[in-house]
Amino acid sequence: MDLGGLSDEQLLERVAERRDADAFAVLYRRYARAVYSLVVRLLRDSATADDVAQEAFASVWRAARGYRRERGSAAGWLFAIARNAAIDTTRTRVALVVGEPPDEPDPGPLPDDEAIAEMEAFRVHAAVDALPAREREVIELAYYGGLSQSEVADRLDIPLGTVKTRTRTGLQRLAGVLGQEEP
Amino acid sequence: MSDLERIERMLREAPAPVDVPDALEAVARRAAVGDRPAPVRAVRSRPRWPFGRLLPAAAVMAAAAAATLLIGVGGRTPPFAVSSSLAMTGPAGASATVDFGPADGGTRPILLHVRGLAPAPAGRYYEMWMRVGTDAVSVATFNTGTSGTATVRASLAGGMSWRSCWVTLERVGGGHRTVLRAA
């Protein structure tokens, strides 16, 4: 059976109900970079990100039976698992330290605003990773690498028109995925 | 804004993803599906309780109850000179005030007053947090009485530069949501 054609929700349900290691592997490949990138950003430390990302995917395997399709998408559930794995490693208890009185607080984003931004980045990364390879590479070079379309054409040694076509097709495909409301 | 323009904005606003180490897939799969590999670095995680969830739940409830009883009976007047205050608000009229005292011997006392917050259900408790740099630092755990109020005393380490504070409703074993945030 071609597991690659299954939806995220179907894969997660196979992991939960059949303990399907191959379905888990497909899910891993779809979300590894999104999960790892999220963990690195939250930890600000790539040294511990490997262990935390490993723990996050282990949690996916253990907790798959807890996923309920009616409560939300598999992507949202995976995001929450990864985010909680990262946040759990940064929570500390107040320690008694000798020092000056605390400074005034900075007006930074509230925790929920950060979570929304992180979820959006997670969805974008996962959606880009799901693009066909030729569309993904032009999208990544242009939007992550900051190259112009002419520079992308030079880098990949393909005509500028081909870059434009693949970019447009990739963006349309992303619009189809990211345009869906996250329940 | 067209769909494609919106997608382009999302791509530009999302931080560039981080490439996943090649070895992570095998390690994550072994951790999930097979024997857990020996971690290269210890992953800080919630403590594993040998007696299931009853022991941590009982301990947290007892601690929260003790903290509340110790302070709550005495009323709202803080036992220190208040140098500054911070208000928090939440849904359904829930609110809180945090009074900060002067630094004394390297620590700074704070007094949290909560109003209009229903007692946490069984297996859950409230926790106050402050953001210090990129870390979420736990300040106190507590529960409210049937009146929906609580007064909790805690200490902050001197010299901490904090950005915001909030209160979450925590579930023993994992999971939380924000119930109060700085106004």
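1. B:Tyr126 is buried at a relative accessible area of 4%, where buried means under 20% relative accessible area, exposed over 50% and partly exposed in between (1.4 Å probe, protein chains only). B:Phe142 is likewise buried, at 0%. The model is predicted: local features need pLDDT of at least 70, side-chain atom pairs count only at pLDDT 80 or more, and totals for chains, interfaces and linings use all residues. Residues are numbered from 1 along each chain as its sequence is written, chains are lettered from A and ligands numbered from 1 in the order in which they are written, and side-chain values use heavy atoms, without hydrogens and water.

2. Over all chains there are seven aromatic pairs. Rings of Phe, Tyr and Trp (its six-membered ring) pair if their centres lie within 6.5 Å; planes under 30 degrees apart count as stacked, over 60 as edge-to-face and the rest as tilted. One of the pairs, A:Phe79 with A:Phe122, is edge-to-face, with 5.4 Å centre to centre and 65° between the planes. A:Phe79 sits in helix H4 of chain A and A:Phe122 in helix H5 of chain A, so this pair links distant parts of the chain, 43 residues apart. Helices (H or I, at least four residues) and strands (E, at least two) are DSSP runs, numbered from the N terminus. A:Phe79 is buried at 7% relative accessible area, and A:Phe122 is buried at 0%.

3. The rings of B:Tyr126 and B:Phe142 are stacked, because their centres are 5.6 Å apart and their planes at 25°. B:Tyr126 belongs to strand S4 (residues 124-132) of chain B and B:Phe142 to strand S5 (residues 135-142) of chain B, so the pair ties together parts 16 residues apart in sequence.

4. The largest nonpolar core has 45 residues, of which A:Leu12, A:Tyr31, A:Val35 and A:Phe122 touch the most other members. Such a core is a set of buried Ala, Val, Leu, Ile, Met, Phe, Trp, Tyr and Cys residues joined through side-chain atoms within 4.5 Å. Elements that each supply at least two residues include helix H1 (8-18) and helix H5 (111-129) of chain A, and helix H2 (24-33) of chain B. H2(A) gives the largest share, 15 residues.

5. Beyond neighbours within four places in sequence, A:Phe122 has contacts (heavy atoms within 4.5 Å) that include A:Tyr31, A:Val35, A:Leu78 and A:Phe79.

6. Ring pairs join A:Phe24, A:Tyr28, A:Phe57 and A:Trp61 into a cluster. A:Arg19 lies over the face of A:Trp61, 4.4 Å from the ring centre; the criterion is NZ of Lys or CZ of Arg within 6 Å of the ring centre and within 35 degrees of the ring normal.
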